[in-house]
Structure formats: C-alpha cells, structure tokens
Amino acid sequence: MNFVNVSFKLFEAITMSEMPDLTRLERQDTEMNLTYSDGGEFIVSYDDLRYACPCAKCAPLRNDDDSSKSLRRQVEAMPAEKPKIRTVGKYALAFEWNQGCSSGIYRFERIWALANNQDPDDGRPYVHGAW
C-alpha cells in the first residue's frame, strides 16, 4: 500500500468542515492504517495515539516538558498491543487497551491531526473542562 503524508500548509488550509471522512481503519500490530474519503492514506502508531490521549488524567501530563517526556517513556515501555475500538456517537472513537489508559475519547478531528503529524492539542495546554 502506498501511504501519503499531507504537508503542514495543506493541513492548515483544511478547515474541520472540509476534513475528509474516515472511511477505513485497519488495525495492525503496532499501528493503524487510516484511509479517508479523499483517497488519503496515513499510518498512526499506537504509541502516538496513546501519548495523545485526551482524557482528564493524561492530557495535563503533556502541559510541561518533564511530565510530557515521562508520559512518552511510559507509553513506549508498554507492550505492543492491538486495541479494541468502538465508536462514540458519530463524532469519535474510543480505544480499549489491556494495559494503560482507555478513558480517552478521540474526536475524528484529533485522529486527523495525528494522521497529519500535527499537534492534536493545537498548542493549547489542558485546562479541565475547557476543551
């Protein structure tokens, strides 16, 4: 399969209303392959997905460098596993892991940002209840 990465400028030019629909998600051993309605294909590693967990426990850990690095090390130390996936309404996915946090609800915009190697938090620090 040929996977295409979208450049940063193209990503910024696409508003979320123009974001293509996620049409296929294929789970692999250490990553997931994503296919969008515009034909774009991307790979997101499970380590990156876990690190970007948007839950109230994990998100604040990315606010400062020390806890962010610690979170990354914790994620990378976990054994590789293929998560179970469930839809959350028509707006998000949830990933269930045997180990680690399974609380995050990943909006499709967040997954799109990860697929495009962008900061899914858009540079904003986490403040409980403010997202």
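By salt bridge I mean a side-chain nitrogen of Lys or Arg within 4 Å of a carboxyl oxygen of Asp or Glu. The two residues are 24 apart in the chain, Asp48 in helix H2 (residues 46-51) and Arg72 in helix H3 (residues 65-77). Helices (H or I, at least four residues) and strands (E, at least two) are DSSP runs, numbered from the N terminus.

A word on the source: this is a predicted model, where local features need pLDDT of at least 70 and side-chain atom pairs count only at pLDDT 80 or more, while totals for chains, interfaces and linings use all residues. Residues are numbered from 1 along each chain as its sequence is written, and side-chain values use heavy atoms, with hydrogens and water left out.

Back to the pair. Asp48 counts as partly exposed because its relative accessibility is 31%, and Arg72 is partly exposed at 23%. The cut-offs are under 20% relative accessible area for buried, over 50% for exposed, and partly exposed in between, with a 1.4 Å probe and protein chains only. Asp48 and Arg72 also belong to a salt-bridge network that includes Glu76.

Asp121 and Arg62 are both buried. Glu109 and Arg107 make a salt bridge as well, at 3.5 Å from N to O.

Now the aromatics. How many aromatic pairs are there? The count is five. Rings of Phe, Tyr and Trp (its six-membered ring) pair if their centres lie within 6.5 Å; planes under 30 degrees apart are stacked, over 60 edge-to-face, and the rest tilted. Tyr46 and Trp97 are edge-to-face, because their planes meet at 75°, with ring centres 5.6 Å apart. Tyr46 is in helix H2 and Trp97 in the loop between strand S5 (92-96) and strand S6 (105-107), so the pair ties together parts 51 residues apart in sequence. Both are buried. Phe95 and Tyr106 are edge-to-face too, at 5.1 Å centre to centre and 90° between the planes. Trp97 also has Arg50 over its face, 4.0 Å from the ring centre. Elsewhere, ring pairs link Tyr36, Phe42 and Trp112 into a cluster.

Last, the core. A nonpolar core is a set of buried Ala, Val, Leu, Ile, Met, Phe, Trp, Tyr and Cys residues joined through side-chain atoms within 4.5 Å. The largest one has 20 residues, and those with the most contacts inside it include Tyr36, Val44 and Phe95. Strand S2 (31-36), strand S3 (41-45), H2, S5 and H4 each supply at least two residues, and H4 gives the most, with four. Beyond its neighbours within four places in sequence, Val44 is in contact (heavy atoms within 4.5 Å) with residues including Met32, Leu49 and Leu114.

Methods. Lys NZ or Arg CZ within 6 Å of the ring centre and 35° of its normal.
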